[in-house]
Structures are given as structure tokens and as C-alpha cells.
Amino acid sequence: MGLAKRIIPCLDVDAGRVVKGVNFVGIRDAGDPVEVAQRYNHQGADEITFLDITASHEDRATTVEMVERIAGEVFIPLTVGGGIRTCDDIRTMLNAGADKVSINTAAVHDPDFVYEAAERFGSQCIVVAIDAKRVSADGETPRWEIFTHGGRRPTGLDAVEWAQKMVELGAGELLLTSMDRDGTRQGFDIGVTRAISDAVSVPVIASGGVGTLDHLVEGIKDGGADAVLAASIFHFGEYSIPEAKRHMTDNGIEMRR
Amino acid sequence: MTIAVIDYGMGNLHSVAKALEHVTHENVVITRDARRIHGATRLVLPGQGAIRDCIGELERTELRGMVDELLAAQKKPLLGICVGQQMLHEHSEENGGVDCLGFMPGEVRRFPVDMSDESGNRCKVPHMGWNLVHQHQKHPLWEGIDQNEHFYFVHSYYVEVDDDSVLFGATDYGRVNAHVATGRDATFAVQFHPEKSSRAGLRLLENFVQWMP
């Protein structure tokens, strides 16, 4: 008995709506972010992640308003990511009611931003999002690199070394997404999850590829993750949070009741 | 009737204020104004980040003296949260050693970096997520909350007291038994975040708002 593993539903939000691309074809509308967040809270989600995938500047105000509304209704931890580039962006989201912010591309462009953010706001609210893609061929020693721009642009950075560097600079948690698996529903990339989880002292959230409840179990048991993040399996009613928790418990993983 | 969340510049106080507003119709203010703090019926002392910075900011904003007086008087209920709990004890080993407010006995220690659980998995630091709180003594703030209920934690340091009279709740992490709820007289303090602990956390805040010590 002890610290429970976490299940984190993720809301990808565009222009004030929860969306999710299904198999990379088209975007499906999954509802109003506040209603969706409330539903997951009632179901017993351990945390909520809100990813702002909005490209346009005008919609940022909508995002702040959404975060404020969720934070006024949902009393579990809320992480907000997408477009966090400056300490002012972080301040805005924390004031709106976010508990943590997730920094992705800005960390790759300027790693010291992570240090500056952690110094100013504390490591406990700085999550660094890592998008990793396998670059080794079959049969070679596995190696993953950091990619930006939704997995299209390589950076040449080794994912495990990068993860360690982010933690040294002050990241309090890592959100690890496998770009090979994201959207495939074939399960997490266990190799990279295990490699990074073993290499760092802070909690790791596994993301990318969940299609079944067994995948969630694998992320914790085989990948060594502290939390698992998923979107589409929950959004369209395929599985509920209580079903996922029951399945985890049945497999010997400690969950919050 | 006003609940004052003491704002000395450390951490995100909006979550605490929003959660309090959710459980009470009383006025909730986030303030560093001495008159408003004196005029409040209840106080919340939050805290986030490094303890030296928290104590330092309390001194820089000239709130330290008032907080010391309020603690000595014990006239109105006060709830310490996270580093707000740690500060109420004697001393912390963070930042090379920091003297705290000394309202209750006890030391603030760091979780060891090399801990494992019984299955051999590494216990990460910070201790982040939902963990069980074992209630050591009855207290009005535990009313309606189950024994061994989950609460949400984010911390690398924890309180350890050697005086059972101030110990109200503990949590196991790795080989550490952290004293996560402590209190004396009209003061109660928790390491976890009630404002982020869903139903159980809201219930604790509701109990605090109704507490008449």
C-alpha cells in the first residue's frame, strides 16, 4: 500500500472544443472542455491534462477562460500545455488555476527556460513534454531522439540524455510521448518509457498509443511509468475511468479508489 | 465572516481560494494586508517552493511578526498547507538548514533519493500523486473522512515530529513514515493539498470552515 499510480485523461483543445484526430484522418469533436473535465472528475480521474493545440493567437484568450472555468469546478490537479513559451505564459496559466504547465518546443529551443521557470515557480509545477521517436534500426541497440513539430522535425538530441538534462535543469515531471505510437492504438513504446523512467529521479507520465486497458497496465508494469495518459479511449465512451482503474487493480496496480 | 488566504508571494493561491469558495458562502480573500488578516475569522497559510524563500518572503513582506503573534494567541483557526505545514515546525534541513516558525516541535527532512518500495520499484522524489493518509487521532477536520483515504501530494521534504500530541495523520512512502497532518490548539496543518484532493479534500476544507476550536 502506498502511492497510487495515476490515470490522466488528456483533453486536446482546439478553439474551445475537445478534439481528437482518429487514425490521423479528420478531427472528431469530443465536446466542451469544462463538461468533459467534470465528467472525468466525477469518474475518479486522478488528474486532468489540457493541451491547447490552437494555432491562432486570438483563441488563447478562450483557452485561459476554459482553464479558469475548469479550475473553478474540478478539484484535482490540472496541467496545461501547448504554446507555453515565456514565464508570463506560465504566470497566466497558474493564475487561471492550472497547477502545472507543460513545456515542450520552448525547452528544445532554449533549455535554460526550464531552469528559469523552475527557479521562479518551483519544480513541482514544471512538466517537460518529450516527444521521442525511435531512430535505431531493428537489431541495433535501441535509440530514440527528440522530435518537434508533431514528430516531423528531428533535433539530433538523444531522448534519454535529454530527459536527464531536463530533470537537472528543474523539471519536476516528464510527459513522454512516443511519436511512433501516438494515434496508432498499438500501445506505448515500452522501450523508451522504461529507458527514461529508469534514468531519471522524477515521475514519468507515459503517453501515445493507448488502444486497450492492457496497454495502460503495460505502461506501469513494463514501462515503469508513474502515470499513464490517454485520450481517445475515454473520450468516445469506449472505456470509462472506473473500468480502467478496475483493470489496473485486477493486475496488482495500486489505484486511488 | 472572512477567510483570509495569507499572500506573502509564494505559490499559487488561486486553487486554495477557489476550493474554499466552493465549500462556503463566506468571503474568501487572498491578501497580505495586515488589517484584512487581523479582521478575518479564519486564516490559511499556504506555501510552495523552497522553505528559505517562504520564510524570507514572510519576513520581507513584514508579515512574519503578525503570523507569530496570531500563532501565539491561537484565537482563530488557522490551516497550514504544504510548505505552510512545514514552516510551523522547528527546523528544516532544506537549503542547508533553516529555522522555521517553531509553533510545533519537529523537524522537516528530505526523502532519501535511493528508496524503493516493497516490490523493488524506485520511489521517485518529489513524492507526487495520491497517497493514503492514516489518521492518528480524532480531529474535527477529519469528520466524515475515511481512515486511510487518498489525498494529493507534491513534495520532496516532510515533517517528522517526536511528540504524539501534535500528530494527527501520517503517510508511508518508501521506508519513510511522513507526518502529514499536525496540529495544536486552533491550528491544523497538512502536507497534502486539500484543494486538489477531490471529495476528501473539499470535505476537509468544509470541516475547517465549520471548525469552532
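## Model and conventions

This is a predicted model in which local features need pLDDT of at least 70 and side-chain atom pairs count only at pLDDT 80 or more, while totals for chains, interfaces and linings use all residues. Residues are numbered from 1 along each chain as its sequence is written, chains are lettered from A and ligands numbered from 1 in the order in which they are written, and side-chain values use heavy atoms, with hydrogens and water left out.

The predictor gives the complex an ipTM of 0.91 and a pTM of 0.94. Chain B has an average pLDDT of 94 (pLDDT is the predictor's confidence in each residue, from 0 to 100). In chain B, 100% of the residues score at least 70.

## The interface

On chain B, 31 residues are in contact with 38 residues of chain A (contact means heavy atoms within 4.5 Å). The two chains bury about 2800 Å² between them (buried area is the accessible area, with a 1.4 Å probe, that two parts lose on being put together, summed over both). Carbon and sulfur atoms carry 50% of that area. B:Lys124, B:Met128 and B:Trp130 supply 25% of the area that chain B buries against chain A, more than any other three residues.

Three salt bridges join chain B and chain A (a salt bridge is a side-chain nitrogen of Lys or Arg within 4 Å of a carboxyl oxygen of Asp or Glu). A:Arg257 and B:Glu149 meet in a salt bridge at 3.8 Å, N to O. S8(B) gives the largest share, six residues. The chain B side divides into ten nonpolar, 13 polar and eight charged residues (Ala, Val, Leu, Ile, Met, Phe, Trp, Tyr, Cys and Pro count as nonpolar, Asp, Glu, Lys and Arg as charged, and the others, Gly among them, as polar).

## Buried sites and helices

A:Asp52 lies in strand S4 (residues 48–52) of chain A. A:Asp52 is buried, at 6% relative accessible area (buried means under 20%, exposed over 50%, partly exposed in between, with a 1.4 Å probe and protein chains only). The side chain of A:Asp52 makes a polar contact with that of A:Thr63 at 3.1 Å. A:Ser102, in strand S6 of chain A, is also buried, with a relative accessible area of 4%. Beyond four places in sequence, A:Ser102 touches residues including A:Thr79, A:Val127 and A:Leu175.

Helix H3 (residues 87–96) of chain A buries A:Cys87, A:Ile90, A:Met93, A:Leu94 and A:Ala96. Their cover includes helix H2 (59–73) and helix H5 (112–121) of chain A, together with H1 of chain B. A:Gly97 follows H3(A) and has a positive phi, near 120°. In H1(B), the buried residues are B:Ser15, B:Val16, B:Ala17, B:Ala19, B:Leu20 and B:Val23. Strand S1 (2–6) and H6 of chain B are among the elements covering them.

## Salt bridges within chains

The structure holds 23 salt bridges over all chains. A:Glu173 and A:Arg6 pair at 2.8 Å, N to O. This pair links strand S10 (residues 173–178) to strand S1 (residues 6–14) of chain A, 167 residues apart. Both A:Glu173 and A:Arg6 are buried.

B:Asp114 and B:Arg175 meet at 3.6 Å, N to O. The two lie in loops of chain B, 61 residues apart. B:Asp114 is exposed at 54% relative accessible area, and B:Arg175 is exposed at 59%. In chain A, salt bridges that share partners join A:Arg6, A:Glu47, A:Lys100 and A:Glu173 into one network.

A:Asp198 and A:Arg194 form a salt bridge at 3.0 Å, N to O. Both lie in helix H7 (residues 190–199) of chain A, four residues apart, about one turn of the helix. A:Asp198 is partly exposed at 47%, as is A:Arg194 at 28%.

Methods
Polar contact = N/O pair within 3.5 Å; in protein donor to acceptor, adjacent residues only side chain to side chain.
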